[in-house]
Structure formats: C-alpha cells, structure tokens
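Please read this note with the structure open beside you, and look up each residue as it is named.

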Amino acid sequence: MASQIPEEVHIRHCMLFEFRKGSNATVATKNICDVYPNALDVHKCQRWFSKFKSADFDLSDSCRSGTTRALDNDVLRAEVEANPCQTIEELSNSLNQPWSTIQEHLQQIGKVSRAGVWVPHNLSEENKTNRSTTCNLLLQRHNTEAFFDRLITGDEKWILYDIPKRKRQ
C-alpha cells in the first residue's frame with residue numbers, strides 16, 4: 001500500500017486525538033509519522049498542542065497578518081519612471097509594500113539599479129540611438145574644441161613616494 005500524505009485538516013484531527021489521549025507532542029508526532037511518514041514536524045505539533053492547552057480546539061486555518069498584498073507592476077513602473085532615483089526603501093514606503101516584494105517586482109519589470117538610478121535592464125532601440133547620437137555629437141564637438149583632455153583621464157595612479165633619509169648621529 002502506497003503511503004499518501006493526507007490533507008492538513010486530517011493531520012490536525014489526529015493531533016487533537018493524540019492530545020485528548022494524553023500524549024505529549026513528541027509521542028504524538030511519532031505516532032502520526034508511523035502511519036503517515038514525513039506528514040508532521042515536532043515543532044508544528046508543539047504549536048498545535050499549546051493551542052489545545054489554551055482550550056482552543058478550532059482546527060481551521062487562522063488569518064495571518066503577514067500575508068502579502070498584490071502589487072501591480074504598472075503602478076510600480078509609473079512610480080519608478082516618475083522618479084528613477086528612489087531607493088527600494090523609498091518605493092516600499094510610498095507603495096506600502098515590503099521591500100522584498102518591491103525588489104521582486106522590479107526584477108519582473110526588468111529594472112536594475114545603476115549608479116543610484118533605476119534603468120531598464122536591456123537597452124531598447126530608442127536607448128541605443130540616443131547613446132549613439134550623443135556620442136556622435138561629442139565627437140563632433142571635440143573636432144571643433146578639444147575638451148576631452150579636460151574630461152577624460154587615462155589610467156593614472158598617484159603614488160606618494162617618500163624615502164626618508166637617515167642621518168648619522
């Protein structure tokens with residue numbers, strides 16, 4: 001006979017049975033796992049036993065406060081495009097979402113942080129043509145006015161070279 005893991009509510013009924021029988025959580029876990037291997041963890045059984053000890057025998061799922069709310073990617077995209085210099089923390093506060101959700105949705109819409117600004121991960125054709133146009137304009141300007149030597153420095157390294165001379169005393 002193949003062992004199947006039953007529904008969660010069935011396991012909860014088994015835990016309640018073991019509790020009413022007078023078993024502790026460790027023994028109850030062992031008894032239930034003898035019938036349904038790997039269906040129950042000792043810590044989970046201890047949590048349910050503490051609930052039973054407080055006279056709460058409700059076996060249904062309780063509402064949890066930590067459930068995540070859905071975040072619309074279009075809202076996030078509009079927020080990022082309105083101000084691309086925002087940090088994940090600022091986006092989290094403005095959209096009232098956890099930072100992990102913001103980070104996950106930023107990846108989904110293809111945004112990465114570069115120099116403190118959220119930019120598209122892949123360049124679009126418009127981005128490529130804008131960069132090409134800008135580079136061509138800078139090259140044309142350099143032909144009329146040599147300004148690159150004021151802007152661009154090549155692999156320079158400043159080293160303080162100081163050898164103190166020792167004097168005889």
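The numbered points below describe a predicted model.

1. Overall make-up. The protein chain contains 8 helices and 2 strands, and when it is read along the sequence these elements follow the pattern α-α-α-α-α-α-β-β-α-α.

2. Burial and surface. Of the 169 residues in the protein chain, 22% are buried, where buried means under 20% relative accessible area. The chain exposes about 13800 Å², and carbon and sulfur atoms supply 52% of that area. If we take the contacts between residues at least 6 apart in sequence, 50% of them join residues at least 24 apart.

3. An α-helix has 3.6 residues a turn, so residues three or four places apart point the same way.

4. Helix α4 against helix α6. Two packed helices are described by the angle between their axes and the distance between the axes. For helix α4 (residues 73–82) and helix α6 (residues 99–108), the axes come within 10 Å and cross at roughly 90 degrees, which means that α4 is roughly perpendicular to α6. On the α4 side the contact is made by N73, L76 and V80, and on the α6 side by I102, H105, L106 and Q108. Sorted by type, the residues of this contact divide into 4 nonpolar, 3 polar and no charged.

5. Phi of N38 is near 60 degrees, a positive value in a residue other than glycine, and N38 lies in the loop between α2 and α3. With a relative accessibility of 71%, N38 counts as exposed, because exposed means over 50%. A55, in the loop between α3 and α4, also has a positive phi, near 65 degrees, and is again a residue other than glycine. At 57% relative accessibility, A55 counts as exposed.

6. Is S60 buried, exposed or partly exposed? S60, which is found in the loop between α3 and α4, has a relative accessible area of 38% and is therefore partly exposed. Although S60 and E8 are 52 residues apart along the chain, their C-alpha atoms are separated by 9.6 Å. Once its neighbours within four places in sequence are left aside, S60 is in contact with R12, W48 and K51.

7. The surroundings of F19. F19 belongs to helix α1, and its C-alpha atom is separated by 9.4 Å from that of W48, a residue 29 places away along the chain. With its neighbours within four places in sequence left aside, F19 is in contact with F49, F52, K53 and F57. W48, the residue used here for the C-alpha separation from F19, is also one of the contacts of S60.

Definitions and conventions. Residues are numbered from 1 along each chain as its sequence is written. This is a predicted model: local features need pLDDT of at least 70, side-chain atom pairs count only at pLDDT 80 or more; totals for chains, interfaces and linings use all residues. Side-chain values use heavy atoms; hydrogens and water are left out. Helices (H or I, at least four residues) and strands (E, at least two) are DSSP runs, numbered from the N terminus. Buried means under 20% relative accessible area, exposed over 50%, partly exposed in between (1.4 Å probe, protein chains only). Contact means heavy atoms within 4.5 Å. Accessible areas come from the Shrake-Rupley method with a 1.4 Å probe; for residues, only the protein chains shown count as cover. Axes are lines fitted to C-alpha atoms, for helices over the stretch in contact, and angles run from 0 to 180 degrees between N-to-C directions. Angles under 35 degrees count as roughly parallel, over 145 as roughly antiparallel, 65 to 115 as roughly perpendicular and the rest as oblique. Ala, Val, Leu, Ile, Met, Phe, Trp, Tyr, Cys and Pro count as nonpolar, Asp, Glu, Lys and Arg as charged, and the others, Gly among them, as polar.
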